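Please examine the sequence and the structure below.

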Amino acid sequence: MDRECVSLLPGVCEVLAAPGRSLPDDTSLEKLLDWFSGLTEAGGSLLEACPCLLEFTSTVVHNTASDPGVLSFTLRLTGLMAATEDGFKKLQERSVLNQVFRLQHWQEAGLWEDPCLRIGWIQGLRSMLHHPKALGFFVQSDFIDPLLQLQTDTSLFVASAANQMLAHILLFFQPVSSLGCNGLDKKEEEEDDDGRTHTSAEYTAAVTAISEYLKVSLVPKKYTKLRQSLQILKLLALLLAQAGPPLWDKLLHTVADSLEELVTAGCSQLTLPLMDVILAACSSSGADERVPDQRVGRLLSAMLNVNKPADLIHAAAAFLRRGHHDIVHTTRAVRILLLPLHVVTGQTLLGTNTTADEHQSSVVEQLKCKTSCISIICVCLTNTPRITLSPSGVLPCPPDLIVTAVLSLLRICSGVSSSSSSSSSTGCSEVCRNVIGSGKVQKCALEALTALNSSPGAKEKISEVFTVLMQYLDNPDSDPTVLHKSFQAVVKWTSVSTDLSFATDQLRRDLVEIVKKRACDMHWEVRDSTVEFLGHLAGVRVSVSTAEELCDASHVLLGGCCTTPLLKEALQDTESYVRASAISALAKSLTHGWQQGTALSEEETEIVSRLLEILSQDTEGFPRRAVVQYFISWFSSRSSSASPSASSASLLKQSVCSVLSQGSADLDWEVKVHTLELAELVLDEAFSGHRGYRKGSDAPRALQHPYGVVSEQTYTLHTRTEGAESALAGVVKLGVISALLSGLVDCDRPVGLKACRLLMTLRDAVCPDATAAVAAVSCELPGSGWGQEIRKTLGMKRSDIAAERGDGGSVSVCEALRSLGLDERLDVLTQSSDHIHNSPLSLLQDILTTSAAHTHPDTQPGQEVIVDCY
C-alpha cells in the first residue's frame, strides 16, 4: 500500500467515525470499499497494512449516533477484513465480529429499520463467507433465519441482496466430488483453537434450512401477490444451473412438489420464470438433456400442455431457444409453435390429421382477440427459422412449407389474400382480420422470411418470395421500417443462389421503377433504406446462368443503368444520413472495378470530385466520415495482380493527398481517426518491403461507424523494393507525416494515441540505421497550430533549435521521430486521467479537505471545496 495513503488513513477514519461530519460526495464510501477490495484481492492484509481500521470499526459500532451510511460501510468493511482466515481469526480474538453483526444490538438501537443498515449487514456477511470458519460462525450465530426473512424485505435492494447471499452460500460451499466444504478434503479437516472441527455439518444445516424455506415460500398464499414467487424462481434457476449433483438433487427433491403446484395453478406471470427453472434443471450437470430426470421431464411435459394458449406458446418458445436435444419435447414444442400459423394461413403445417390436436380450439379462440393474436403470431414467427433447422423426425411438414406459410401470412397482412378454405372452415376469417395492416406482424414476418433464406428447400421458393417482396416494396401503404426490412429480404434471398435465371424482364423492370420511386420518397428513412439496398445488392455476386461469369446482383436485377446515377443524386440529399449511406453504397458498387484495375469512367471521376467537396464543405460528420472510408476502401481494394490505369492511379494519389490534408484538420475526431487509418495504409504500402517495419501497429482497428465504408476483404498491399529514402520522401510528399504530427498533438485522445503508435512504427523502421540521405528528408511545419506545438516539443529536446520563423520552417523527419519523446507520450496517452485524479490518495485527500472545510466555517462566501468524483 502507498506509504502516503497509509499516513492519511487514520485521519480519514477519525473523520468517518465522528458524527455530523460531511463527506465530499455520496459515493466516497463506495470508492473506499472499492480500494480496500482491490487490496484484498491482490493478496494484501488490510489489518496488517491499516491497523487503524480495527479501532475505527469498534468505535463506530459502539456509537449508534453515527450516520447510517457510515454504519453500513463499517459492516461491509468488517466482512472484507474477515474474508481471509487470518483476518477472521484476529477479529474473533477481539470479539469484533460478534459486536458488528449481532442483530439484537442494531434492533435495540432502533437502527435495523434503516434499509441501508440491513443491506450493509447482508453484504458484510457475504464478503466474509469465503472460508469454512466464516460459515461456521454464520450458522452458529443463527443468522440463517434472519437472512431468509430478508428475502421478502420491503426494500427491493435488500431483498435482492439477500437473494444473492443465499445463492452464494449454497454454491460457494457446495462439496466438489469427494471434497469437503470449499475444496477441503474431509480427511484433512482443520481444527480451531477450541478444538472444534470444521465439517460439512454447517453446510448441510444451511442447505436443509434454505431448501425447506424455498419449498414453503415458492407457492404464494394468494396468487395476486407473486413478487416472492418470482424472486424465488429466479434464485432457483440460478442454483439449479450451477449446482453440482448432490446439491442439485437435494434442491429438486425438496421443491419438485411446489413447482408442480405452480405449474398446475396456471399463473401466466410465472410461465417464463418457471420455464427458466425447468430448463436450468435440464441443462445442469445433474441431468441428461437427451433423457431428462423424471421429475424434470414431468414438469416440462406439464408446461408444454397448459390450457392457456399464450402461456403454451411462450413455454414452447423458451424450450426451443435453449436448444435442448430431447426429441419428444422438441417435437411437442414445434407443433405448438406451428399451430397458430397453421390456423391463420390454412397451410397444413401439422399434417392432415389436425383434429387430433387438443389445443386447436382454444388457440383459435385466443387468436380472435386482436392483441393476443398479434403477440402469439409474432412469437411463432420469431421461432420459424429455428424450427426449419430441426432434426429429422421432429418437423410435421416439409421445411419449405413453413416458408410458404410465412409468405401467405404476408399476403394476408397486406390484404392481398385471405387464408385458404381449409382455414376458413375452422372459422378463422375473423382471425385473419386481426393481422391485416398490422405493421408489427409484417415486420416480424419479414424478419422471419429473411432468416429463412438458409432453410432447407429455400431455393425452390425464390420466385414466390420475390413476388411477395415486390408487392411490399410497391405498396404505398408500407411504412418506412417495413420497406427497410423488405429491401433487406431481397438482398438476403438474392444471395440464396448464384443463379438468378428466374429474374424475368418484367421483374427487372418493376424493380427498377420501385427503386427509382423509393429513392425520391418524401420520407428520408425510405431514401436511406433505398441507397443502402443499392450498395448491399452490388456486394452480392451472382450469374444469370451457371455458365456465365459472376457479376454484381445490381447489374442482373437493375441492368446496371440506375445504381450509380441514383447514388450520385443522393449525394445532394438534404439528410446527412442519406448522403453518408450513398457514399457507402458507391464504394461497394465500385469495389469490383477497383479490384480488377478497371480505368475510371468520367462519371466515377466526377464522383471523386464531389466526395472531396463533401469532405471540405459538408456541415455534418456522418458524410465526412464516410468519404474518408470511401478512399480507405478504394486504396485497399486494389488488387496486387491487376495493374490500374495511369489515370486511375494518379487520381487516387491526388485524392489521398487531399484527404490526408483535409481529414487531419477536421473538427470531428472520428474523421481524424479514419484519416490516420488511411495514413497507415499508405505507410504499410510504402514500407512493407523494408526490414523492421511492422504492419498493423494499432490492432484491433477502431470501431467503425455504421455509415463508414470499409472493405470486407483483408487489406492487399504492394511490396515495395525502393530505398528508405525514396519511401520516406514519398509519404512526406503525400502528407502522411504532416497528418501524423498533427494527430500527435490533437486534443482528442484516440487521435493522439493512433498517431503516436504510427509514428513509433515509422521511427523503429527508418531511424535505427538511417543513412545521411534518409536523415536529410524533411517535413514542412506550419507557422501556427500543430506546427507550433511540434516546435515547442522539439525545443524541449534540442538546445540548438533556431528561433521560430513565421513560415514554421521544416524539420528532419528522423530527428523529429527521435526527439518527440514518443514512448513517454504513449505512456501518458494510454493512461486515462483517472490515474491522476481518481487515485486512492486523491480520494483520501478529498475527504480530509471537505472535513476541514466543514470544521472551519469561516470559508469565504461563494468559495466551495472542489473534489474529485469518479
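Lys-90 and Glu-48 form a salt bridge, their closest N and O atoms lying 3.7 Å apart; the term denotes a side-chain nitrogen of Lys or Arg within 4 Å of a carboxyl oxygen of Asp or Glu. This pair links distant parts of the chain, 42 residues apart, with Lys-90 in helix H6 (residues 85–93) and Glu-48 in helix H3 (residues 46–49). Helices are DSSP runs (H or I, at least four residues) numbered from the N terminus. The model is predicted: local features need pLDDT of at least 70 and side-chain atom pairs pLDDT 80 or more, whereas totals for chains, interfaces and linings use all residues. Residues are numbered from 1 along each chain as its sequence is written, and side-chain values use heavy atoms, without hydrogens and water.

The count comes to 30 salt bridges. One of them joins the side chains of Asp-668 and Arg-625 at 2.8 Å, N to O. Asp-668 lies in the loop between H35 and H36 and Arg-625 in helix H34, so the pair ties together parts 43 residues apart in sequence. Both residues are buried, that is, under 20% relative accessible area with a 1.4 Å probe and protein chains only (exposed is over 50%, partly exposed in between).

A search of the whole structure finds 0 disulfides, defined as pairs of cysteine sulfur atoms within 2.5 Å. The sulfur of Cys-52 is 4.0 Å from the closest cysteine sulfur, in Cys-13, too far for a bond.

Helix H33 (residues 602–617) buries Glu-604, Ile-607, Val-608, Leu-611, Leu-612, Ile-614 and Leu-615. These cover an arc of only 155 degrees around the axis, which puts them on the same side of H33; the arc is that of the directions from the helix axis to the C-beta atoms. The face turned away from the buried side of H33 carries the exposed residues Glu-602 and Gln-617.

How values were computed:
Helices (H or I, at least four residues) and strands (E, at least two) are DSSP runs, numbered from the N terminus.
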